[in-house]
Amino acid sequence: MNSLLPAQFVALLRREVLENRALFIAAPAVLALVLSVFALWAISMAPGEQLAAGVEYLSIMFDGLSPGEMAPMFLMPAIPFIMMLYACVLIYLLNALYQDRKDLSVYFWQSMPVSNLGTVLSKVVTVIAVVPAFYVAILFVVYLLAVTALSLLGLSYDVEVAGLGYMFMAAIFSLFLFYVSAFLAALWLLPTIGWLLLFSAFAKRTPVLWALGVFILLGLVEDLIFGTQFLGNWVESRSNFRQYIVLDFPMAMDRLFSYDMLFGLVVGAILITGAVYMRRFVD
Amino acid sequence: MTDIVEARGLRKRFGDFKALDGLDFSVACGSICGLIGPNGAGKTTTLKALVGLSDVEGDLRVAGRDPRISRHKLMEEVCFIADVGILPKWFRVNQVLDYVESVHPRFSRQRAEEILATTDIPANKRIKELSKGMVTQLHLALVMAIDVQLLVLDEPTLGLDIIYRKEFYDRLLNDYYDGNCTIIISTHQVEEIETLLSDLLFIDNGRIVLDAAMQDLENIYSEVLIDAQHYAEAEQLGPVYHRDILGKRAYIFEAVDRTRLRELGEAATPTVADLFVAKLRGANRE
């Protein structure tokens, strides 16, 4: 049976979610809870006139904007979630092909008719498409609460913020932007994903040290031999935080169909192939 | 009878240590083969090589495939329980059934559930909450519900108490083995599986030191308890091993006519455990 057959691949993705539910679900859920509680506390503690001024300010800012135009502004509260997403994915990738070797459950996984390619690709797809979906689901609840709270505040100060339906649509659109941003950023960072998976599959211990150490070493060797800093500059050129956020559809298309993206995808694919190769044996 | 495993000249090094040193053996379809050896003899490396988890040199075919090239295809025909292999601790029992059902084309969930129903394992418990014996029972239930050609068990009952060990082998023999599949078991507890086996492989220092069918052992090996006055005669027959027992000496002979041996004392077939010690001590003595 081909391990890329849909049912089997879905089972592999399900395994990733079940195994990493703390990283993928619990962590953003706790963040959402903490931020919501903090926001409610701040609202309850703020003086009435300040709140009224805040609601007034929002109503002016949203005035005349369509939900699509409002959506990028709704991405602002998602920034802590984006940061948490990257932190959790980093931890996940470093452990993805290491943890099961460490706890020896690799013998169970490898006793199943699942190819190494299927296993490694399931980790990549988890990062690119599955984890952002959980964040979107959690942010949906947060936005629902926020939009309701804003409308209630507006009602209490007799200010029409932007209309509940409009704000709700803007929230949905911003979640779409969040998902597309995360998806495209993951493709953009495919070389990093491949690099981390490669050392996760290779390292006998502390994959983080291997991943960082080898990168620094390669940079130093390049500098010593060629006197250039191509590697460092290339990574730096792809690590601007603004590159990870997509604010509209044309921006997404520009990001997706570029030579830079294609080059990154090729490098990422080579590194992922390396991870598949490293995964072959368990001794 | 065709062979399901054919291994020729298997070699494997870990640094300076030769884990496998030109291993040659074959396992016939339908047999229950015991791979017996001391610690560090190469048992686990051999079994890992059979299921494509160890990169060894040499010719190796398992169920018609090279495990090093197509492990995932091979694992449709072969099941493996590793000595240290543990089921993922975060899985719940029903989740592990879901997983295997989704990825293994030969798994029967109904059969696994029937087997589990005869145990005390609750379906919604996490594996980390189960005892070691229960985890092994669960793993065996999974394996028994998969219709494969070859079952490879590496010290499957390691660390279990005698009750679980006995249940494990009883179940394996009575509920699983039907003569169509082949089982390869490595274990230290030779006495417990002796009656199960149809074939025997002794391994030491990465080499096979004995390769025989159980039914042939009585024709090849004899153990004779001999009084002190016959020691010299016994030594002349070239015993492979001896040990002193209560003022007498038990000699083990290889390929010596039993009628000749009966002149020295009562001749019997040695137990696998005694034969194991004899072959290994004998090999070391040489």
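Which residue in E8(B) is the bridge partner of Cys33(B)? In this predicted model, the partner of Cys33(B) in E8(B) is Asp199(B). The pairing belongs to the contact between strand E3 (residues 32-36) and strand E8 (residues 199-204) of chain B, which run parallel and are joined by four bridges. Cys33(B) also has a bridge partner in E7(B), namely Ile184(B).

## The sheet of chain B

These strands belong to an open sheet of six strands with mixed pairing, in the order E5-E6-E7-E3-E8-E9 of chain B. Its edge strands are E5 (78-81) and E9 (207-213), each of which pairs on one side only. Neighbouring strands of the sheet are turned against each other by 15° on average, direction ignored.

| Strand pair | Sense | Bridges | A residue and its partner |
|---|---|---|---|
| E3(B) and E8(B) | parallel | four | Cys33(B) and Asp199(B) |
| E3(B) and E7(B) | parallel | four | Cys33(B) and Ile184(B) |

Strand E7(B) is mostly covered, with five of its five residues buried. Thr182(B), Ile184(B) and Ser186(B) lie on one side of this strand, and Ile183(B) and Ile185(B) on the other. Helix H1 (residues 43-50) of chain B lies across E3, E6 (150-154), E7 (182-186) and E8 of that chain, and runs at about 150° to E6(B).

## Helix packing and nonpolar cores

Elsewhere in chain B, helix H4 (residues 109-117) packs against helix H5 (residues 132-144) at an angle of about 145°, with the two axes 8 Å apart. The crossing of H4(B) and H5(B) is right-handed. H4(B) contributes Ala112(B), Ile115(B) and Leu116(B) to the contact, while H5(B) contributes Ala141(B), Leu142(B) and Met144(B). By residue class, the contact of H4(B) with H5(B) has six nonpolar residues, no polar ones and no charged ones.

Leaving aside residues up to four places away in sequence, Ala141(B) touches Ala112(B), Ile115(B) and Leu116(B). The largest nonpolar core has 92 residues, and those touching the most other members are Val78(B), Ala141(B), Leu151(B), Val152(B) and Ile184(B). Apart from this core lies another, of 55 residues, including Leu23(A), Tyr143(A), Ala171(A) and Ala182(A).

## Two loop residues with positive phi

Most residues other than glycine have a negative phi. Asn205(B), although not a glycine, has a positive phi of about 50°. Asn205(B) is placed in the loop between E8 and E9 of chain B. Is Asn205(B) exposed, partly exposed or buried? Asn205(B) counts as partly exposed because 17 other C-beta atoms lie within 10 Å, a number between the limits of 12 or fewer for exposed and 20 or more for buried.

Leu246(B) likewise has a positive phi, near 45°. Its place is the loop between strand E11 (241-245) and strand E12 (248-254) of chain B. Leu246(B) is exposed, because it has 7 other C-beta atoms within 10 Å.

## Chain A

Chain A has 14 helices and zero strands. Its C-alpha trace spans about 70 × 45 × 35 Å along the principal axes. Of the 283 residues of chain A, 34% count as buried. Among contacts in chain A with a separation of 6 or more, 85% are between residues 24 or more positions apart.

Lys204(A) lies in the loop between helix H10 (190-202) and helix H11 (207-226) of chain A. With 9 other C-beta atoms within 10 Å, Lys204(A) is exposed. Lys204(A) and Phe38(A) are 166 residues apart in sequence, and their C-alpha atoms are 42 Å apart in space.

## The contact between the chains

How many residues of chain B are in contact with chain A? There are 25 residues of chain B in contact with 21 residues of chain A. On the side of chain B that touches chain A, the elements giving two or more residues are helix H2 (71-74), E5 and helix H3 (93-103) of chain B. H3(B) gives the most, with five residues. The residues on this side of chain B comprise 15 nonpolar, six polar and four charged.

How values were computed. Residues are numbered from 1 along each chain as its sequence is written. Chains are lettered from A and ligands numbered from 1 in the order in which they are written. This is a predicted model: local features need pLDDT of at least 70, side-chain atom pairs count only at pLDDT 80 or more; totals for chains, interfaces and linings use all residues. Axes are lines fitted to C-alpha atoms, for helices over the stretch in contact, and angles run from 0 to 180 degrees between N-to-C directions. A crossing is left-handed if the near helix is turned anticlockwise from the far one by less than a right angle, and right-handed if clockwise. Two residues are in contact if their C-beta atoms, placed from the backbone, lie within 7 Å. Ala, Val, Leu, Ile, Met, Phe, Trp, Tyr, Cys and Pro count as nonpolar, Asp, Glu, Lys and Arg as charged, and the others, Gly among them, as polar. Two strands pair if DSSP finds at least two bridges between them. A nonpolar core is a set of buried Ala, Val, Leu, Ile, Met, Phe, Trp, Tyr and Cys residues joined through C-beta atoms within 7 Å.
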